[in-house]
Amino acid sequence: MFKRYPYTIGLLTVISFVVCVGWLFTHDSCMHPIGNGLAAFWAFVECPVVFVALFEEAGE
């Protein structure tokens, strides 16, 4: 999956990580608990998993 557009997927992952961290820094967790939970899950769980999969497949 990642062999076709590795740079595009990596760039979109970095942009989504920055957007999620920006959301976490600018919104109160009491007022937006679901949004903050999803942003934290994406930024700190899914982005590293995508990068690991991207680097493992690119290294073959």
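Colleague: What makes the span of helix α1 close to the expected one?

Modeller: Before that, a word on the source: this is a predicted model, where local features need pLDDT of at least 70, side-chain atom pairs count only at pLDDT 80 or more, and totals for chains, interfaces and linings use all residues. Residues are numbered from 1 along each chain as its sequence is written, and side-chain values use heavy atoms, with hydrogens and water left out. The expected span is 1.5 Å times one less than the number of residues. Helix α1 covers residues 6-26, which is 21 residues, and reaches 30 Å from its first C-alpha to its last, close to the expected 30 Å.

Colleague: Why is G10 called buried?

Modeller: Buried means under 20% relative accessible area, exposed means over 50%, and partly exposed is in between (1.4 Å probe, protein chains only). G10 has a relative accessible area of 11%, so it is buried. G10 is found in helix α1, and it touches F51 and L54, not counting residues up to four places away in sequence. Contact here means heavy atoms within 4.5 Å. G10 and C47 are 37 residues apart in sequence, with 9.4 Å between their C-alpha atoms.

Colleague: Which residues of α1 are buried, and how do you know that they share a side?

Modeller: In α1 the buried ones are I9, G10, T13, S16, C20 and V21. They cover an arc of only 135 degrees around the axis, so they sit on the same side of α1. That arc is taken from the directions from the helix axis to the C-beta atoms. Helix α2 is included in what covers these buried residues. On the face turned away from the buried side, α1 carries the exposed residues Y7, L11, L12, V18, V19, F25 and T26.

Colleague: Why is I15 called partly exposed?

Modeller: I15 has 44% relative accessibility, so it counts as partly exposed. I15 belongs to helix α1, and its C-alpha atom is 10 Å from that of A43, 28 residues apart along the chain.

Colleague: And Y5, why does it count as partly exposed?

Modeller: Its relative accessibility is 47%, so Y5 counts as partly exposed. Y5 lies in the segment before α1. Between the C-alpha atoms of Y5 and L54, 49 residues apart along the chain, there are 10.0 Å.

Colleague: What about A40: why is that partly exposed?

Modeller: With a relative accessible area of 25%, A40 is partly exposed. A40 is in helix α2, residues 33-58, and touches L24 and V45, leaving aside residues up to four places away in sequence. A40 and C20 are 20 residues apart in sequence and 6.9 Å apart in space, C-alpha to C-alpha. V45, also in helix α2, is partly exposed because its relative accessible area is 38%.

Colleague: What makes a nonpolar patch, and which residues form it?

Modeller: Patch residues have over 30% relative accessible area and no salt bridge, and nonpolar side chains (Val, Leu, Ile, Met, Phe, Trp, Tyr) are joined within 5 Å. A salt bridge is a side-chain nitrogen of Lys or Arg within 4 Å of a carboxyl oxygen of Asp or Glu. Here the patch is formed by V14, F17, V18, F41, F44, V45 and V49, with about 620 Å² of accessible area together. Helix α2 gives the most, with four residues.

How values were computed: Helix = DSSP H or I, 4+ residues; strand = E, 2+ residues; numbered from the N terminus. Patch = residues over 30% accessible without salt bridge, like charges linked within 9 Å, V, L, I, M, F, W, Y side chains within 5 Å. Areas by Shrake-Rupley, 256 points an atom, 1.4 Å probe, with all protein chains shown as cover.
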